[in-house]
Amino acid sequence: MDLRNLVAIDVHTHAEVSSKGHSSLDDDLHDASSAYFKVEGKRKPTLEETAAYYRERRMAAVIFTVDAESATGTEPVPNEEVAEAAAANPDVLIPFASIDPFRGKAGVKRARRLVEEYGVKGFKFHPSIQGFFPNDRSVAYGLYEVIEETGTIALFHTGQTGIGAGVPGGGGIRLKYSNPLHVDDVAADFPHLKIILAHPSFPWQDEALAVATHKPGVHIDLSGWSPKYFPPQLVQYANTLLKDKVLFGSDFPVLTPDRWLADFDKLSIKEAVKPKILKENAARLLGLTKP
């Protein structure tokens with residue numbers, strides 16, 4: 001990956017559809033999320049289409065599926081397929097994986113294999129969809145042990161989610177699991193674990209800022225929201241205390257990097273901080289630059 005040629009690294013994009021055409025969300029949740037985000041463009045790009053999209057923009061993208069099969073009954077896009085697409089497009093795609101934490105010891109074994117055999121760089125957790133508290137020692141701690149040991153990254157959805165929004169009962173998805181304070185326990189129990197708190201964490205933005213300020217291994221990505229809606233305290237911390245720990249993320253394809261970057265340009269971010277958020281912080285965290 002030629003960092004010098006990249007204008008940005010998007011740390012939060014989704015593999016929406018497998019080579020066989022199936023999605024990791026059922027149709028009701030999928031359609032509701034499209035309406036919630038007012039999706040522009042193709043909602044289910046293939047992995048190759050995503051690679052081409054980012055290559056055209058001279059950006060790299062961290063890409064992953066969400067494995068919530070225990071809670072939803074829907075199979076995810078295969079992690080192996082995501083990793084193979086990244087291997088075929090190493091100039092633009094960076095593979096993360098997702099393991100349903102309720103897969104137990106089999107999931108832990110699978111996580112290690114994905115790192116060792118497929119070069120996966122991190123793991124995505126979505127507590128609200130997967131239905132678990134991140135600090136529940138009986139559920140995901142075995143996965144965290146592997147992630148910490150292998151030096152990969154744990155990326156947690158935090159705050160409200162557009163998945164299930166507008167569906168009766170929110171599609172059964174509970175927001176309580178995605179309070180970033182639950183991840184504070186994880187950061188304390190695994191002090192060398194590299195963590196990303198995804199999204200402005202509404203309604204727990206202050207909690208996310210507190211955790212990221214207090215725990216050296218915790219970062220924040222800015223995906224899932226147009227920057228014009230960022231709360232002022234998030235902008236303040238991004239400019240100051242967390243300028244080396246805040247990361248550009250879009251949430252593609254529900255929010256495009258084109259739309260995100262256009263609104264980011266209008267945000268009151270210091271010129272010296274912009275390259276950190278857009279590329280430098282992510283490159284360092286992902287191990288793409290020399291220490």
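Visitor: How many cavities of 30 Å³ or more does a search of the whole structure find?

Guide: Rolling a probe the size of a water molecule over the atoms shows where empty space is left. On a 1 Å grid over the protein atoms alone, a cavity is a set of points where a 1.4 Å probe fits but cannot get out. Here the search finds one cavity of 30 Å³ or more. Please note that this is a predicted model, in which local features need pLDDT of at least 70, side-chain atom pairs count only at pLDDT 80 or more, and totals for chains, interfaces and linings use all residues. Residues are numbered from 1 along each chain as its sequence is written, and side-chain values use heavy atoms, with hydrogens and water left out.

Visitor: How much space lies in the largest cavity, and which residues line it?

Guide: The largest cavity holds about 40 Å³ of space, a volume being the space filled by probe spheres set on the grid points, which are joined across faces, edges and corners. Lining residues have an atom within 4 Å of a point; among them are Leu222, Phe230, Phe264 and Ile269. Helix 10 (residues 232-239) gives the most to this lining, with three residues. The lining divides into eight nonpolar residues, no polar and no charged, where Ala, Val, Leu, Ile, Met, Phe, Trp, Tyr, Cys and Pro count as nonpolar, Asp, Glu, Lys and Arg as charged, and the others, Gly among them, as polar.

Visitor: In what order do the three strands form the open sheet?

Guide: Strands of a sheet pair through backbone hydrogen bonds, either parallel or antiparallel. Helices (H or I, at least four residues) and strands (E, at least two) are DSSP runs, numbered from the N terminus, and two strands pair if DSSP finds at least two bridges between them. In this sheet the order is 1-2-3, with parallel pairing. Strand 1 and strand 3 each have a single partner strand, so one side of each is left without a neighbour in the sheet. Strand 1 (residues 8-14) pairs with strand 2 over five bridges, and three bridges join strand 2 to strand 3 (residues 93-95). Ile63 of strand 2 stands opposite Thr13 and also opposite Pro95 in strand 3.

Visitor: Is strand 2 buried or exposed?

Guide: In a regular strand the side chains alternate between the two faces of the sheet. Buried means under 20% relative accessible area, exposed over 50%, and partly exposed in between (1.4 Å probe, protein chains only). Six of the six residues of strand 2 (residues 59-64) are buried, so strand 2 is largely enclosed by the rest of the structure. Met59, Ala61 and Ile63 lie on one side, and Ala60, Val62 and Phe64 on the other.

Technical notes: 1 Å grid on protein atoms, 1.4 Å probe; cavity = no way out; pocket = protein on both sides within 12 Å on 5 of 7 lines; lining within 4 Å.
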